[in-house]
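Reader: Can you walk me through this one? Keep it brisk.
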Amino acid sequence: MKRICLVYPNGMALPGYFRCATNISTDTIETLPPMGLLYIIGNSRRQIDFIDNRIRKYAFEQLCQILMQYDIVGFGGTIFEIKEARRLSTHLIKNGKTTFYGGPNATVNWRLYLGQFSVIWRGEAELMFDKVLDNIDNLEQVGFTRIAGSHVNLETFRVKELDSLSFPDRTKIKLDDYRRQEFHFLGNIEPIDIVVTSRGCPFDCYFCSSRVIWDRKYTYRSASNVMEEIRFMKETHGTRGLYFREDNFTTNRRRLIEFCEQVKDFKLVWLCESRVDTLDEEVVRLMADSGCRAIWFGIEAADDAVLKKIGKGITVEQIRRAIDLCNENGITTGGAFMIGFPFDDKESIIKNYQSSKKLNLATRSYNRVWAVPVSQMYNEIINEGLDDYSFENIILPATRNLSADELNKLYYRLISRKSMIRRFGLKMLGQKNVRCIKSKFPSFYKIASRLLQS
Ligand code: B12
Ligand code: SF4
């Protein structure tokens, strides 16, 4: 029997100019369990080992040594982990091993990595993984084509019935290793678990690569199937809080209502992400009654003209309404904004920023635009030569009116300074101490958080 290991590689060190744009780094303390890999393991009949190198932080040589014990090594991750995956794969292939590369980045950017992995896997893996391993010496039989040194499935694999899958294998991780700042919204509740209830996205925002990854196909689990997993987690891990970190948790209204009605019995608190146009009075009330304590909205801009240009499909009126509904029902709100679209200039950025501050959100986060392949925005940036900085195909762009450096300065002046202090402070103190301060000195915590809000 072949020995198999799945690896979530560590993030790569990014050049200095990226640092003001993103909080991703090799020493990030905030991440979530890699549910995709745990799903694969949970649905395979084989013995599969697992390493999350964002948590283990093995040095390259050490990890090489460990992985040399296996016959097949599969790498997952986003484009931000590609460097370690590629380096390890090259070493392993040289030493006669077989490597796989899968996940959203492999699905969409497979051409960039030809020849660097034995197999490049596009799409979801649960239904095909064992079958492919059974045919490892005859991959053409199971949908793969040999191109430039790698086997690739040109037709993306999809799972039609998510309810038919087994749950992700959480025995491979220690839940306590994974935390996000969003967990603070749930107070001092522990443990908090992650559940994936849907995949893909039917929308088509100008800046997002989801369309290319998921082909606008949206699949979701039934409320009762999700309840089974929650029951299982409650019994085995004592789960008390849930974070639904997925693009479209609230998109299907009927399912959301069923979910709220059923999850009540578990007496859990939970938070999710949402689009403002999917919420109404009845739904928000039900969500609050069933334990929802916070919602993060992808808002991007507080200006109708910008929202239209980026194809977000929402209006400022809808944004205000959703925030008000949440506030009325005791649900904390967070909003994520983007700064520096290709059409932006200094005035539009300042205007958008000032308008965003008027929204009645409890917390806001601002991301300086960077672009990963491939979205409509990414293509425009390349075609118009706005790719001032580029690293591993990740672009820190200029706008048509501001160079990347000018935009960085503006972003830093408007937003980043305080959030950098906050992040630095959090890192120095450590998550546990922050939680301790929060519970022992709530007023101090509240004032400090307010002051450090952008
Ligand atoms: C949850 C999530 C997060 C979480 C957890 C990420 C994680 N480490 O798993 C958090 C909040 C930490 C996060 C952060 C970021 N994320 Co994120 N995130 C998502 C999100 C919304 C869902 C991912 C998920 O759980 N999917 C459900 C699981 C079941 O599916 P899956 O992971 O795709 O896995 C399946 C297949 O892909 C395949 N597969 C996966 N790995 C492998 C490996 C092998 C060997 C094989 C054979 C198959 C295979 O099989 C799995 C089962 O079917 C996606 C959007 C999306 N809908 O995909 C973005 C997404 C993955 N994130 C993205 C990005 C860019 C980021 C950030 C860089 C953003 C930022 N600026 O901070 C960071 C850094 C990520 C990191 N290093 O941890 C991009 C990646 C784009 C790219 N080209 O790589 C996505 C696709 C969003 C987008 N539309 O652009 N993210
Ligand atoms: S930004 Fe969100 S809603 Fe828009 S396409 Fe991407 S995942 Fe879908």
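Predicted model: local features only at pLDDT ≥ 70, side-chain atom pairs only at ≥ 80, totals over all residues.

Reader: OK. Which helices do the buried residues of α9 pack against?
Author: They pack against α8 (223–237) and α10 (281–289).

Reader: Which residues of α9 are buried?
Author: Helix α9 spans residues 253–263, and its buried residues are L256, F259, C260 and V263. They cover an arc of only 95° around the axis, so they sit on the same side of α9.

Reader: Zoom out. How is the chain divided?
Author: Into domain 1 (4–152) and domain 2 (180–452). Their centres, taken over C-alpha atoms, are separated by 27 Å.

Reader: How many residues are in contact across the two domains?
Author: 22 residues of domain 1 are in contact with 26 residues of domain 2. On the domain 1 side, α4 (82–94) and α5 each supply at least two residues. The most come from α5, with four residues.

Reader: And what is that side of domain 1 made of, by class?
Author: It divides into 16 nonpolar, four polar and two charged residues.

Reader: Next, the largest nonpolar core. Which residues touch the most other members?
Author: L271 and I295 do, out of 111 residues in that core. Both domain 1 and domain 2 give residues to this core, so it lies between them.

Reader: What is L271 in contact with, beyond its sequence neighbours?
Author: Leaving aside neighbours within four places in sequence, L271 is in contact with E182, F185, L186, Y243, C292, R293, A294 and I295.

Reader: Switching to ligands. Which residues are closest to ligand 1?
Author: G36, G74, G76, G102 and E124 are the closest, among 39 residues that surround ligand 1. Elements that give two or more residues to this shell are α1 (35–42), β3 (72–75), α5 (104–109) and α7 (210–214).

Reader: Which element gives the most to that shell?
Author: α1 does, with five residues.

Reader: Where does the shell sit relative to the domains, and what classes are in it?
Author: The shell around ligand 1 draws at least three residues from each of domain 1 and domain 2. By class, the shell has 20 nonpolar, twelve polar and seven charged residues.

Reader: What about ligand 2? Which residues are around it?
Author: C201, F203, D204, C205, C208, S210, D247, R275 and G298. By class, that shell has four nonpolar, two polar and three charged residues.

Reader: New topic: Y101. Where is it found?
Author: Y101 is in strand β4, residues 98–101.

Reader: Is Y101 buried or exposed?
Author: Buried. Y101 has 26 other C-beta atoms within 10 Å, and the cut-off for buried is 20 or more.

Reader: What does Y101 touch?
Author: Not counting residues up to four places away in sequence, Y101 touches F75, A85, S89, A106, Y113, F117, I120 and W121. The C-alpha atoms of Y101 and S118 are separated by 8.1 Å, and these two are 17 residues apart along the chain.

Reader: Now the backbone. Which peptide bonds are cis?
Author: One of them runs from E190 to P191, with omega near -10°. P191 lies in the loop between β7 (150–152) and β8 (192–194). Another cis bond joins P373 and V374, with omega about 0°. V374 is in the loop between β15 (363–368) and α14 (376–383).

Reader: Why flag those?
Author: Most peptide bonds are trans, and most residues other than glycine have a negative phi.

Reader: On phi, then: what is the value for K267?
Author: Near 50°, a positive value in a residue other than glycine. K267 is in the loop between α9 and β12 (269–274). K267 is exposed, because there are 10 other C-beta atoms within 10 Å and the cut-off for exposed is 12 or fewer.

Reader: And N393? Where is it?
Author: N393 is in the loop between β16 (389–391) and β17 (394–396). N393 also has a positive phi, about 70°, although it is not a glycine. With 17 C-beta neighbours inside 10 Å, N393 counts as partly exposed.

Key: Residues numbered from 1 in each chain as written. Chains lettered and ligands numbered in written order. Arc of directions from axis to C-beta. Contact = placed C-beta atoms within 7 Å. Core = buried A, V, L, I, M, F, W, Y, C linked by C-beta atoms within 7 Å. Domains from an automatic or database assignment. Near = placed C-beta within 6 Å. Nonpolar A, V, L, I, M, F, W, Y, C, P; charged D, E, K, R; others polar.
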